[in-house]
Amino acid sequence: MTITPTAKAGRAAPRKRARRATQRVTMTDVADAAGVSASTVSLYFRKPEAVSPHLAEKVRRVIDELGYVPNLVAGSLAAAQSRTVAVILPSILNSFYAETYNTLQSLFQGSRYQTMLGVTEFNPEVEEDLIRAFLAWSPAAMVLTGFDHTERARAMLRGAGVPVVEMWDMPSTPDEAVDLSVGFSHFEVGRRQTAHLYDQGSRKVAYIGAAVHHDLRVRSRTDGYEDEVRRRGLHPPIAVTAPDAASTPVGTRLIDEVLAAHPDIDGVVCSNDYLALGAMFEVRRRNLRIPEDLAVVGFGDMGFSRVSLPPLTTVRPPQREIGRLAAMQILARLGGAKIPPSHFALECELVVRDSTRPTDP
């Protein structure tokens, strides 16, 4: 965005210096755009009450529009690029995010970069605060999860002048991504889970999901389930969701609600393996057979999935490959490679185990 400063009476408007899109927004850029001096912008950050309300409002508006973040690296170090990469995850409870982070950390450490980790708990406002705090320390690059950012966060990322990778999802349009992205379609995961249950013989398939109100990736998998149900045309979608974080007790509670309203279901799609495990506990408590009476499919391929009773059919996301591609793109950029904004669409693997019936050949 280009903002033309208004000329002050009696003197020409300050000339705005040209700035490449890949350069960090500076205090001088803010001052030029707001039509004030750099010292006024500096005073706004150090002692905002000393700046007149009129000028403070102009500076604040330009800061939001340009996505400016003050640089806390003082003196001659301010112009130097740090050797840290900021990584922001929605949660550290889910092991697939941990696998991605471990891969990122290992590759960055191998090139003598260190990682800074922030956790949002799926809150975009918390993410915005983390982005602002991390950018203030001049990271070499930023890695984020998904595309659900506030407008201020998006402006800061676009104005940061460093490589930015958004991972674990795919943009709906190329413009949705700030820079680079690495992920997969959660909508297609939901469709694939559901299609597998129908293909292996189920005729009435329900869905249970947790954290669906604030995790857009879970919501996309729910949408994929509903799309496949409508495509098959055997029954209306049966989706029961909860705002709670995914856990085994939540899975037990949700499948209990589904079976109370629809005792004739013969398949259930779960938004992740924790819910699937809870669902299987409740199904077995009711003396129902898995998969003969009710087939169960999860998502995530958690460590317990292969040793549960019965072993859980699930979808394995490419967590390590996401971390590898994200790190390699950033390191290539930092090494001087001219890599344009790119979007890597990966595939997930359906891992068929004993909680579903084998599909017909």
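Biologist: Which residues line the second largest cavity?

Modeller: This is a predicted model. In it, the second largest cavity is lined by Arg24, Val25, Gly67, Tyr68, Val69, Leu135, Met156, Gly159 and Ala160. By class, that lining has 6 nonpolar, 2 polar and 1 charged residues.

Biologist: How much space lies in the second largest cavity?

Modeller: About 50 Å³.

Biologist: And how many cavities of 30 Å³ or more does the structure hold?

Modeller: There are 2 of them. The largest cavity holds about 170 Å³ of space. It is lined by 14 residues, and the closest to its centre are Thr120, Phe122, Thr145, Asp148 and Arg217.

Biologist: Which elements give two or more residues to the lining of the largest cavity?

Modeller: Strand 1 (84–89), helix 5 and helix 8 do. The lining divides into 6 nonpolar, 4 polar and 4 charged residues.

Biologist: Let's step back. How many helices and strands does the protein have?

Modeller: It has 11 helices and 12 strands. The C-alpha trace spans about 85 × 45 × 30 Å along its principal axes. Of the 361 residues, 51% count as buried.

Biologist: What about the accessible surface of the protein?

Modeller: It comes to about 16700 Å², and 53% of that belongs to carbon and sulfur atoms. As for contacts with a separation of 6 or more, 69% are between residues 24 or more positions apart.

Biologist: Take strand 9. Why is it described as largely enclosed by the rest of the structure?

Modeller: Because 5 of the 5 residues of strand 9 (residues 295–299) are buried. Ala295, Val297 and Phe299 point one way, while Val296 and Gly298 point the other way.

Biologist: Does strand 8 run parallel or antiparallel to strand 9, and how many bridges join them?

Modeller: They run parallel, and 3 bridges join strand 8 (residues 267–270) to strand 9. Val268 stands opposite Val296 there.

Biologist: On to the backbone. Where is the cis peptide bond with omega of about 10°?

Modeller: That bond joins Ile290 and Pro291. Pro291 lies in the loop between helix 10 (273–285) and strand 9. Another cis bond runs from Leu309 to Pro310, with omega near -5°. Pro310 is in the loop between strand 9 and strand 10 (313–316).

Biologist: What is phi for Arg112?

Modeller: It is positive, about 65°, although Arg112 is not a glycine. Most residues other than glycine have a negative phi, and most peptide bonds are trans. Glu121 also has a positive phi, near 50°.

Biologist: Where are Arg112 and Glu121?

Modeller: Arg112 is in the loop between helix 4 and strand 2 (114–119), and Glu121 is in the loop between strand 2 and helix 5 (124–135).

Biologist: Is Arg112 buried or exposed?

Modeller: Arg112 counts as exposed, because its relative accessibility is 68% and the cut-off for exposed is over 50%.

Terms used:
Residues are numbered from 1 along each chain as its sequence is written. This is a predicted model: local features need pLDDT of at least 70, side-chain atom pairs count only at pLDDT 80 or more; totals for chains, interfaces and linings use all residues. Side-chain values use heavy atoms; hydrogens and water are left out. Helices (H or I, at least four residues) and strands (E, at least two) are DSSP runs, numbered from the N terminus. Buried means under 20% relative accessible area, exposed over 50%, partly exposed in between (1.4 Å probe, protein chains only). Contact means heavy atoms within 4.5 Å. Accessible areas come from the Shrake-Rupley method with a 1.4 Å probe; for residues, only the protein chains shown count as cover. Two strands pair if DSSP finds at least two bridges between them. On a 1 Å grid over the protein atoms alone, a cavity is a set of points where a 1.4 Å probe fits but cannot get out, and a pocket is an open set with protein on both sides within 12 Å along at least five of seven lines; lining residues have an atom within 4 Å of a point. Grid points are joined across faces, edges and corners, and a volume is the space filled by probe spheres set on the points. Ala, Val, Leu, Ile, Met, Phe, Trp, Tyr, Cys and Pro count as nonpolar, Asp, Glu, Lys and Arg as charged, and the others, Gly among them, as polar.
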